[in-house]
Amino acid sequence: MADFGAVDRHLDVEGRSLEEWVHDMALWMNGSKDHDVISTGDCTVGQDGPVFFLQNTWLGEVLIMDCTIPADAYILASPGGGFGFNTEPDETPEGLAAFGRQLGQFFNDPKIIVNGASVPVGPSAWIDPEPFEYDVPENNIFGGYPAGPVTAHYGGWWVMLEPLEVGEHVIILADDSISPVKDADGNVHYTEGTAYAVYDITVE
């Protein structure tokens with residue numbers, strides 16, 4: 001076990017790599033409002049596997065939430081990142097990936113704090129896969145974007161934590177960033193802000 005209970009990013013958890021768990025979490029975070037933490041106010045909805053997902057909130061917002069987690073659950077925590085897809089037919093996967101990979105330059109101060117102790121979030125915690133095919137669901141979090149197939153891409157900070165001891169815990173996820181945002185004309189603007197989430201965790 002690494003310092004502060006972080007799992008070595010090269011080790012499998014429950015027979016799967018960190019990248020595989022991250023892909024599941026990215027889809028969980030960026031899909032239907034039915035299992036979106038911010039929309040539902042429920043951190044457990046859509047979670048029934050051996051790894052429990054904890055996400056940060058949007059830039060400029062604060063999220064405070066109570067969560068009950070099984071005693072044997074690993075925790076995959078993401079203090080910051082982004083998800084996007086090709087909204088224009090002529091937007092290539094290469095262009096989408098290039099835009100997404102800029103995120104690593106702007107999410108510049110990721111923090112994970114467990115019970116007052118900082119968990120290291122080093123360069124290897126940044127995960128940025130190749131674009132992939134994705135079906136945007138109905139009732140999605142993207143402002144009513146039409147459901148259907150798109151090419152998607154994400155990048156962000158992810159750290160897998162060992163199961164916590166039974167009892168009460170506090171996990172804080174935070175990130176200061178200057179984030180690139182495309183407007184309707186394809187121009188890139190930059191949004192500054194801090195995302196901050198506090199999870200009061202009960203492990204039982």
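**Exercise 1.** Is aspartate 24 buried, exposed or partly exposed?

*Solution.* This is a predicted model: local features need pLDDT of at least 70, side-chain atom pairs count only at pLDDT 80 or more, and totals for chains, interfaces and linings use all residues. Residues are numbered from 1 along each chain as its sequence is written, and side-chain values use heavy atoms, with hydrogens and water left out. Start with the cut-offs: buried means under 20% relative accessible area, exposed over 50%, and partly exposed in between (1.4 Å probe, protein chains only). Aspartate 24 has a relative accessible area of 29%, so it is partly exposed.

**Exercise 2.** Find the salt-bridge partner of aspartate 24, then describe the surroundings of that partner.

*Solution.* 
1. A salt bridge needs a side-chain nitrogen of Lys or Arg within 4 Å of a carboxyl oxygen of Asp or Glu.
2. The partner is arginine 16, with the closest N and O atoms 2.7 Å apart.
3. Arginine 16 has a relative accessible area of 24%, so it is partly exposed.
4. The charged end of arginine 16 also sits over the ring of tryptophan 21, 4.5 Å from the ring centre. The criterion here is NZ of Lys or CZ of Arg within 6 Å of the ring centre and within 35 degrees of the ring normal.

**Exercise 3.** List the other salt bridges of the structure, which holds three.

*Solution.* 
1. Arginine 9 meets glutamate 19 at 2.9 Å, N to O.
2. Arginine 9 lies in the segment before α1 (18-29) and glutamate 19 in helix α1, so this bridge ties together parts 10 residues apart in sequence. Helices (H or I, at least four residues) and strands (E, at least two) are DSSP runs, numbered from the N terminus.
3. Lysine 111 pairs with aspartate 109, the closest N and O atoms being 2.5 Å apart.
4. Lysine 111 is partly exposed at 31%, and aspartate 109 is partly exposed at 30%.

**Exercise 4.** Classify the ring pairs that tyrosine 154 makes with phenylalanine 83 and phenylalanine 132.

*Solution.* 
1. A pair of aromatic rings is described by the distance of the centres and the angle of the planes.
2. Apply the cut-offs: rings of Phe, Tyr and Trp (its six-membered ring) pair if their centres lie within 6.5 Å; planes under 30 degrees apart count as stacked, over 60 as edge-to-face and the rest as tilted. The whole structure has nine aromatic pairs.
3. For phenylalanine 83 and tyrosine 154, the centres are 6.4 Å apart and the planes at 5°, so the pair is stacked. It links strand β3 (residues 74-85) to strand β8 (residues 148-161), with the two residues 71 apart.
4. For phenylalanine 132 and tyrosine 154, the centres are 5.7 Å apart and the planes at 70°, so the pair is edge-to-face. Phenylalanine 132 lies in strand β7 (residues 132-136) and tyrosine 154 in strand β8, so the pair ties parts 22 residues apart in sequence. Phenylalanine 132 is buried too.
5. Ring pairs link Phe83, Phe132, Tyr134, Phe142, Tyr154 and Trp158 into a cluster.

**Exercise 5.** Describe the chain as a whole: its elements, burial and contacts.

*Solution.* 
1. Count four helices and 10 strands.
2. Read their order along the sequence: α-α-β-β-β-α-α-β-β-β-β-β-β-β.
3. Of the 204 residues, 46% are buried.
4. Take contacts (heavy atoms within 4.5 Å) between residues at least 6 apart in sequence: 73% join residues at least 24 apart.
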